[in-house]
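Please have the sequence and the model at hand while reading.

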Amino acid sequence: MNNLHAILIPMWDFYFLFLMIDARPELAGFSISHMVAKMEAQSPGVPEVIRVVHHQDLNKRILVALVVSSTLLGAILLFLLCVWIYRRRTSKLDDGECRKDLEVSKSTTMNPISRFNSLRLANFKGSVSMIDYKLLEAATDNFSKSNVLDEGSTGHVYKARFDDKMLAAVKRIDYGGPDAEREFENEVNWLRKIRHQNIIKLLGHCIRDETRFLVYEMMQNGSLESQLHGPSHGSALTWHLRMKIAVDIARGLEYLHEHRSPPVVHRDLKSSNILLDSDFNAKLSDFGLTVNLGAQNKNIKLSGTLGYVAPEYLLDGKLTDKSDVYAFGVVLLELLTGKKPVETMGPTQSQSLVSWAIPQLGDRSKLPKVVDPVIRDTMDLKHLYQVAAVAVLCVQSEPSYRPLVTDVLHSLIPLVPVELGGSLRITEPLHLKEPSSTRS
Ligand code: AMP
């Protein structure tokens, strides 16, 4: 208490002196001792407090006041720095922490009171709504067959209509064991954190007993796989649209590899995980296997899809961003040739697209013949050579020879018309749907 008094009194004196200068500006040019002397002379018997303010004493007090105020200022700055560091650390939640979040949200589904009774979109970063099961039932007409959009490895995907207006896609995952559970959690945890124009939006999720539901934005043109290898055999995809789709995929990957910290590896890039909206904007989906780069040290299980898995990952379990670049190269080959990543040749025989295409892509005389018949002779040959060169580089067996996805992106953007999000200016009108020919 005494100490505090000793500090506060000199501070008060110091403040008092400034008040006086403020009130009587004519004093401002004087030294402090002059001022004291003048005040003593003018009113000899008046304030005790002024008489005790002698030259040396006053300097000491000013010094103490300065030390105290700078200490206080330092303490405030230190406190603000701590708050800033704490906020930065909490905004970079790692996987483990997100998993805890999901556990919390899981427990909320068990409590009917805390359930959402209407669909709310995930409209801010880090939020994915829990959606009431009854709402999903009503929106999918009780998961009727007529609403099935497609079937994936983990279950059916249904068309859902909420409030008679908003369309969405609902993935229903009937109990698929611990792996499916882990992938569900991983998917929710990644997609709640990620917002990018070329990555699918997760609108919400629901947990009901053993069944899990994921609600996504609706992608009207389905998957790239169904466009290329389904009944239409790629006839809706012109050369320019294919290049636009390749650029969209590269943009999504660039975001994961270059703009996330730490970098993120998708780990299951393939044409069935590339979804197309009504304008053929492509978005990456299926983040069930996605990991942070460097997480391979934590003994991650070898997973992926045959035909897309990079050789070093398949043979040595070595996972890097270049594994995604390899898978991107395979998708680029699919876009170019219209062929599946692994073609079945007979009951026991199959051929990989990479080993079939590589010898022909380097030979300019053979190259036009490997192009998908649906788009053959519809592109500038120089552009074709360039895309073939990019594809060859991406599927190199040595990962260090593969380009970064940013380099891939920058070499493809000039091949996409401005109207489709690239930098190519074409003088002729752009035909989005060119007449298709039959496949050979
Ligand atoms: P998945 O189980 O994620 O592999 O999805 C299986 C298939 O369901 C995909 O290949 C698409 O054809 C379809 N699908 C998945 N998500 C959507 C979506 N958001 N909109 C439209 N179709 C989708």
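The text below covers confidence, the sheet, some backbone details and the ligand site.

This is a predicted model, in which local features need pLDDT of at least 70 and side-chain atom pairs count only at pLDDT 80 or more, while totals for chains, interfaces and linings use all residues. Residues are numbered from 1 along each chain as its sequence is written.

**Confidence**

The average pLDDT of the protein (the predictor's confidence in each residue, from 0 to 100) is 80, and 73% of the residues score at least 70. Residues 1–53 stay under 50, and the model has 24 contacts for them beyond four places in sequence. A contact here means that the C-beta atoms of two residues, placed from the backbone, lie within 7 Å. Residues 90–125 are also below 50 in pLDDT, with 38 contacts in the model beyond near neighbours in sequence.

**The sheet**

Helices (H or I, at least four residues) and strands (E, at least two) are DSSP runs, numbered from the N terminus. Six strands form an open sheet with mixed pairing, in the order 1-5-6-4-3-2; two strands pair if DSSP finds at least two bridges between them. Strand 1 (129–130) and strand 2 are the edge strands, each pairing on one side only.

Strand 3 (residues 156–162) is antiparallel to strand 2, over three bridges. Strand 3 also runs antiparallel to strand 4, and six bridges join these two. Some of the bridge partners are tabulated here.

| Residue | Bridge partner | Strand of the partner |
|---|---|---|
| E151 | H156 | strand 3 |
| D150 | V157 | strand 3 |
| A160 | A168 | strand 4 |

Both pairs of strands are hairpins. Between strand 2 and strand 3 there are four residues, and G155 in the turn has a positive phi of about 155 degrees. Between strand 3 and strand 4 there are three residues, and the turn residue D163 has a positive phi of about 55 degrees.

**Backbone details in loops**

D141, a residue other than glycine, has a positive phi near 55 degrees. The loop that holds D141 runs between helix 6 (133–139) and strand 2. S261 and P262 are joined by a cis peptide bond, with omega about -5 degrees. P262 lies in the loop between helix 9 (239–258) and strand 7 (264–265).

**The ligand site**

Which residues are closest to the ligand? They are D150, G152, A169, M219 and S223, among 18 residues that surround the ligand. A residue counts as near if its C-beta atom, placed from the backbone, lies within 6 Å of the molecule. Strand 2 (148–151), strand 4 (166–173) and helix 8 (224–229) are the elements that give two or more residues to this shell.

The shell residues divide into seven nonpolar, seven polar and four charged. Ala, Val, Leu, Ile, Met, Phe, Trp, Tyr, Cys and Pro count as nonpolar, Asp, Glu, Lys and Arg as charged, and the others, Gly among them, as polar.

The ligand lies between domain 1 (93–218) and domain 2 (223–440), because both give residues to the shell around it. The domain bounds come from an automatic or database domain assignment.
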